[in-house]
Amino acid sequence: MEPFTPVIITVLSGKTRDGSLEIFDEIVLRAGDTVSVVGPTGSGKTAFINDIEVFACKDTVTGRTVLVNGRIPPDEMVRDPAKKPIALITQNTKCIADLTVKEFLEMHIRARRIPDDSRVGETIALANEFTGEKIAAPMHMTSLSGGQTRSLLIADAITISSAPIILLDEVESGGIFKETVISTLKANNKAVIFVTHDPFLALLSDRRIVMRNGAVERIIIPGGREKKIIHLVSSMDRVLFKIREEIRAGTLLDGGEDIS
Ligand SMILES: Nc1ncnc2c1ncn2[C@@H]1O[C@H](COP(=O)(O)OP(=O)(O)OP(=O)(O)O)[C@@H](O)[C@H]1O
Ligand SMILES: [Mg+2]
């Protein structure tokens, strides 16, 4: 049984860094939505998703307000991690507890009072679909790479915490199959909001929020023209992925005749 009923998040506008009003009234996020957040360094991308994570109530630098199902969320949803419908995974997310992967997942299953612990294996198997560097139950959490940790926590957000809203802040480093992550989250009917500098990932979303000067500058809904470009970017991305993997493996690239 899912612990959360469907959740709709509404972001009400705040202010730019100069104090003028943002251009939108509200941004609504529902199950199955994939929204990317793009923009130059320092434009407020992380601040935007942090507002959602903390359920901002005009009490953050941006002055935005975040509603859950049309209302200011109750205190217990804000304070109790088991009642929070949101999982945030960032580039720096690290687990500092010295537990094995199995112990970590079991602890989380107990904390969520989930009776069935077949989810340990299920979570590890799912995480291994997201990363080429295989994770095993006896490994120590602290010894996992950044890509492995993020893969495991995204899998955990699907199988154990069952958070309906997943926020990802630039998780697309080497070693993580970003396209699989986004398509799996979508297939699981999650609302996904991800900050990215990756053109292919940005094009995969249903909506693209463009940030500038601390504010939402534009909301792009990809039209027919972009759909055509996706095929091109997707094949370029595959070529680049192969080259990146070859470089990671220490191969000397000799002109790349057989790369594509
Ligand atoms: N509307 C705003 N008003 C005032 N300060 C803001 C606003 N939005 C963001 N900031 C502040 O600007 C700084 C940069 O914002 P943020 O970290 O969100 O940028 P970013 O787009 O995530 O950058 P990067 O690409 O480097 O991760 C932060 O200190 C943040 O608190
Ligand atoms: Mg950031």
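Ala, Val, Leu, Ile, Met, Phe, Trp, Tyr, Cys and Pro are counted here as nonpolar, Asp, Glu, Lys and Arg as charged, and the others, Gly among them, as polar. The structure is a predicted model, in which local features need pLDDT of at least 70 and side-chain atom pairs count only at pLDDT 80 or more, while totals for chains, interfaces and linings use all residues. Residues are numbered from 1 along each chain as its sequence is written, and chains are lettered from A and ligands numbered from 1 in the order in which they are written.

Ligand 1 is surrounded by 16 residues (C-beta atom, placed from the backbone, within 6 Å of the molecule). Gly 44, Lys 45, Thr 46, Ala 47 and Gly 214 are the closest. The shell comprises 9 polar, 4 nonpolar and 3 charged residues. Its largest share, 3 residues, is contributed by helix H1 (residues 45–53); helices (H or I, at least four residues) and strands (E, at least two) are DSSP runs, numbered from the N terminus.

Six strands form an open sheet with mixed pairing, in the order S5-S6-S7-S3-S8-S9, where pairing requires at least two DSSP bridges between two strands. Strand S5 (86–90) and strand S9 (215–220) are the edge strands, each pairing on one side only. S5 pairs with strand S6 (residues 165–169) in the parallel sense over 5 bridges, and Ala 87 stands opposite Ile 166 in S6.

The protein chain is divided into domain 1 (9–222) and domain 2 (225–260), with bounds from an automatic or database domain assignment. Their centres, taken over C-alpha atoms, are separated by 27 Å.
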